[in-house]
Amino acid sequence: MLPVKKPTTDYRTLDEIRQRKEKLADEIQLDNTKFTTLWNQVFLKKEGNSKGDYIAALVSNGFLAVDTFLLIRKLMKGYGFLFGKKKKKK
């Protein structure tokens, strides 16, 4: 994608430059406020998890751990020579 060329304005006086600077500072402050709000929402701790949710998370994590173990075992069996494990002779 080509960069968008922003129109440039010609400033004739120092007052125009100061006004533009103040306008940009206000926009930056507004963007900073929005960013801070969004950032804080990302890390909100969820309250009110029930016992069922806790158990469901444990079961889900258990299945994930078993699946990961089986995947690593399968990869080591097929590609163990890449990790320094010698291949079995038949």
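Tutor: Gladly! Let's begin with a cut-off: buried means under 20% relative accessible area, exposed means over 50%, and partly exposed lies in between. Keep in mind that this is a predicted model.

Student: Why is R18 called partly exposed?

Tutor: R18 has 48% relative accessibility.

Student: Which nonpolar patch on the surface includes F83?

Tutor: F83 forms a nonpolar patch with L71, L75, Y79, F81 and L82. Together they have about 670 Å² of accessible area.

Student: Back to R18: how do you know that R18 and D15 meet in a salt bridge?

Tutor: The N to O distance between their side chains is 3.5 Å. The rule asks for a Lys or Arg side-chain nitrogen within 4 Å of a carboxyl oxygen of Asp or Glu, so the pair R18 and D15 counts as a salt bridge. By this rule the count comes to one salt bridge.

Student: Where do R18 and D15 sit in helix α1?

Tutor: Helix α1 spans residues 14–42, and R18 and D15 are three residues apart there, so about one helical turn separates them.

Student: How many helices and strands are in the chain?

Tutor: The chain has two helices and zero strands. Of its 90 residues, buried ones make up 1%.

Definitions and conventions:
Residues numbered from 1 in each chain as written. Predicted model: local features only at pLDDT ≥ 70, side-chain atom pairs only at ≥ 80, totals over all residues. Heavy atoms only, no water. Patch = residues over 30% accessible without salt bridge, like charges linked within 9 Å, V, L, I, M, F, W, Y side chains within 5 Å. Areas by Shrake-Rupley, 256 points an atom, 1.4 Å probe, with all protein chains shown as cover. Helix = DSSP H or I, 4+ residues; strand = E, 2+ residues; numbered from the N terminus. Buried < 20%, exposed > 50% of the residue type's maximum accessible area, 1.4 Å probe, protein only.
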